Amino acid sequence: MTTEQKNNHALILRTNGEFEIIDWPPTGARGHLETLYRATDSRAVDGIDISPTLTMWLNNAAPNANAPVNRSATILYALHREPHQHYHGTVVITGGADRHGETLGLTKDEVAALVEIHLMSIPVTVPGQRDRRNS
């Protein structure tokens, strides 16, 4: 397996449209929960399987704490499954689980595809072409 194919990344999606690519601990290593706790700013996280190869981790107290809706996470879920609720707060996207139930990270290609979906889900103002006569 080449370095590009290794599942050693996770994607953080914040409610304000920002995202961050982080390192995911290797299979068998400690630190998965601590990574999720830091990223979601919570000691109580829930994993939601979006697909067999994608899991969304979120602070399970976020809806009750009036955390903003995470539009990108909600759209990502809806692209894979029938939506039934909005997701709140910062979320972490990882791979699915291996045959032992251990959470896998994402490859660079998977992260790139998810970032593209994320960027398409947030409102972006694209400046119009400037007229050189008015510059």
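The model is predicted: local features need pLDDT of at least 70, side-chain atom pairs count only at pLDDT 80 or more, and totals for chains, interfaces and linings use all residues. Residues are numbered from 1 along each chain as its sequence is written, and side-chain values use heavy atoms, with hydrogens and water left out. The chain holds five strands and three helices.

**Overall make-up**

- Read from the N terminus, the order of elements is β-β-α-β-β-α-β-α; helices (H or I, at least four residues) and strands (E, at least two) are DSSP runs, numbered from the N terminus.
- Of the 135 residues in the chain, 40% are buried, where buried means under 20% relative accessible area with a 1.4 Å probe, counting protein chains only.
- Among contacts (heavy atoms within 4.5 Å) with a separation of 6 or more, 55% join residues 24 or more positions apart.
- Carbon and sulfur atoms account for 50% of the chain's accessible surface, which is about 8700 Å² (Shrake-Rupley method, 1.4 Å probe).

**Strand β5**

- Strand β5 spans residues 91-94 and is covered on both faces.
- V91 and I93 are buried on one side of β5, and V92 and T94 are buried on the other.

**Partners of β5**

- Strand β1 (residues 9-13) pairs with β5 in the antiparallel sense over three bridges; pairing requires at least two bridges found by DSSP between two strands.
- Strand β4 (residues 54-59) also pairs with β5 in the antiparallel sense, over four bridges.
- V91 in β5 is the bridge partner of L13, and L58 stands opposite V91 as well.

Note on methods
Buried < 20%, exposed > 50% of the residue type's maximum accessible area, 1.4 Å probe, protein only.
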